[in-house]
Amino acid sequence: MDRRYVYLDNNGTTRMADEVRAFIHENESLYGNASSMHTLGRQAAAGIEWARSEIAKLIDGDPSSVYFTSGATESNNTVLSIFRDRIDSGDSRKKIVISTVEHPATIETAKYLAGKGYIIDYCPVDGIGRLDLETLKRIVTDETALVSVMTGNNESGTIQPVKEAAAIAHSHGAYFHTDATQAIGKIPVSVKDIGADYLSLSGHKFYGPKGVGVLYARKGAPLSPFIHGGHQEHGMRAGTYNNQAVYGIGKAAELARLNLTEEHDKLWQMREALRKGIEERIPDVVVNGSNDENLCLPGTLNMSFPSAEGESILLYLDLEGIEVSTGSACATGSLEPSYVLLAAGLDVELAHGSIRFSFGRYNTMEDVDYVLEKLPPIIEKVRSMSTRKV
Amino acid sequence: MADSFMAQWVYTDTVKDHFINPRNLWKEGEAFEADGVGEVGSLACGDQMRVGIKVKDGRISDLRWLTYGCASAIASTSMMSEMAKGMTLEEAYHLTPSMITDALGGLPEHKFHCSVLGDKALRAAIDDYLEKNGLDNPYKGSTAKIICECKGVTDQMIEELVKTGKVSTFEELQNETGASTACGKCRDRILEELNECLHIYGK
């Protein structure tokens with residue numbers, strides 16, 4: 001095949017949808033401060049409220065529970081900050097429970113809090129990276145303030161039993177937060193169905209702009225600002241609105257809602273075609289996560305290639321125009337490979353050799369064919385250089 | 001794609017060249033009878049290297065290598081192989097990571113310690129060659145740097161203790177050598193050396 005550019009890092013970020021780009025462009029003249037009382041301000045605000053309602057429709061929640069933030073990292077930080085505030089104010093519930101495979105935005109924030117003396121409990125996952133509900137039942141007690149479990153994992157693609165986890169949290173009177181950043185636009189996400197008190201999401205993961213996200217907080221769930229200094233978002237999130245980014249995430253939410261089923265099926269087809277093609281063409285490969293459509297985000301394929309190191313594979317693929325990511329330590333700038341894969345019990349060497357292919361809306365079956373042509377000789381080359389022969 | 005900005009490659013052009021076209025690779029099935037073989041690192045650590053040398057008239061006449069590791073690990077071993085060829089055993093024994101890194105046009109700092117192991121694998125191969133041939137090893141110890149001045153503990157002492165599995169923690173190292181038990185000024189450097197050795201030989 002002719003040389004192509006194949007972007008398979010859609011879990012990292014996505015290209016903005018053409019419709020989103022056009023919509024932002026159309027509304028570029030709305031530069032008014034949405035907090036201003038004059039016409040231009042009110043017009044800008046109307047756009048913000050439209051976007052809020054689109055987000056609400058996408059996650060099956062109430063628009064008044066939707067708070068715009070700079071992204072899911074801020075949303076996750078805000079949720080932990082809310083409970084830090086409550087603990088500081090003498091609340092009798094002093095424990096926060098998170099899974100061992102949460103995104104760094106949650107796990108690193110929790111570690112930071114642990115370093116300050118707050119009590120963080122970690123719930124382990126099984127071999128495909130799915131939450132161990134039996135352990136969760138034991139860990140969550142009447143002293144638990146918050147349980148936070150992501151909807152779907154960014155590295156393995158594993159879908160978490162968030163509905164069950166929320167029920168466990170609620171049975172002890174604890175609140176439940178889910179970081180749905182990776183799941184949005186790929187599988188149906190309903191805050192009502194899950195029973196989520198809080199939910200985080202980011203625009204750039206579903207073809208919206210970067211730098212904008214949402215914190216959903218159910219009416220009645222505790223709230224306190226993380227960023228102070230203005231009355232925006234009912235005083236819960238200060239800072240002048242980034243109008244165009246908010247319009248963009250609104251448009252992206254509309255598209256995600258309208259195309260969800262079709263998009264899910266197309267992503268899963270490409271993922272499975274790549275997985276089967278790799279398994280046919282390359283000996284000795286391991287899938288990290290699940291191959292069950294109900295347990296895996298449709299566009300995510302995480303595989304390890306024993307005796308081949310991840311960064312080398314990534315850079316050889318990059319030279320062919322194929323963009324992926326790796327759980328190798330080399331790519332993280334540390335000496336440890338992906339904690340997500342290790343938490344699922346994966347061997348350290350396999351984690352160093354893991355590659356994540358993540359499909360998106362703009363990929364095609366031709367992309368799959370191109371990867372299936374380019375990948376086998378690369379793995380063969382890396383393995384031929386390796387100290388251990390397969 | 002927009003072209004206002006140009007992406008730099010992750011490493012220097014020299015690294016890229018050696019990554020794409022590795023020199024002196026130990027190809028499968030190749031008839032290469034090594035006079036000495038050295039191996040350092042581990043798969044668990046993400047970097048492992050094996051170096052085989054041929055020795056003629058006290059010089060490295062030929063050399064082959066294998067590497068499990070990232071692009072900079074592959075490139076640095078490849079570069080080392082070019083530099084070491086033709087060197088006397090003494091010169092080869094004193095090849096340092098900095099010399100390899102300089103020849104590559106530099107590496108990011110976090111890559112320097114973990115991926116430049118070629119010199120150590122080469123030294124291990126020379127040790128192996130001398131041992132196999134019942135020859136004295138006049139070089140062992142000659143490259144040692146003192147880290148703990150109070151107790152006279154060198155980097156090679158630490159390397160040897162970790163390599164042989166006698167030491168895996170700072171406390172064990174202190175008990176074994178007394179390192180950093182007097183003035184304590186060297187603590188950070190001892191820890192750095194220990195962690196590096198644990199990365200290369202540990203687990």
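Colleague: In which helix is the place of L40(A)?

Modeller: Bearing in mind that this is a predicted model, L40(A) lies in helix α2 of chain A, which covers residues 39–59. From L40(A) to S29(A) the C-alpha to C-alpha distance is 9.4 Å, although the two are 11 residues apart in sequence.

Colleague: Why is L40(A) called partly exposed?

Modeller: L40(A) has 14 other C-beta atoms within 10 Å, and because a residue counts as buried at 20 or more and as exposed at 12 or fewer, that number falls in between.

Colleague: How should I read the packing of α3(A) and α4(A)?

Modeller: Two packed helices are described by the angle between their axes and by the distance between those axes. Here helix α3 (residues 72–88) and helix α4 (residues 104–115), both of chain A, pack at an angle of about 30° with their axes 9 Å apart, and their crossing is right-handed.

Colleague: Which residues of α3(A) and α4(A) meet?

Modeller: From α3(A) they include N76(A), L80(A) and R84(A), and from α4(A) they include T109(A), A110(A) and L113(A). The residues of this contact divide into five nonpolar, five polar and one charged.

Colleague: How many residues does the contact between the chains take from chain A and from chain B?

Modeller: It takes 20 residues from chain A and 22 residues from chain B. On the side of chain B that touches chain A, β2 (47–56), β3 (59–68), α2 (71–84) and α5 (109–115) of chain B each supply at least two residues, and the residues of that side comprise 13 nonpolar, six polar and three charged.

How values were computed:
Residues numbered from 1 in each chain as written. Chains lettered and ligands numbered in written order. Predicted model: local features only at pLDDT ≥ 70, side-chain atom pairs only at ≥ 80, totals over all residues. Contact = placed C-beta atoms within 7 Å. Helix = DSSP H or I, 4+ residues; strand = E, 2+ residues; numbered from the N terminus. Nonpolar A, V, L, I, M, F, W, Y, C, P; charged D, E, K, R; others polar. Axes fitted to C-alpha atoms, helices over the stretch in contact; angles between N-to-C directions. Left-handed = near helix turned anticlockwise from the far one by under 90°.
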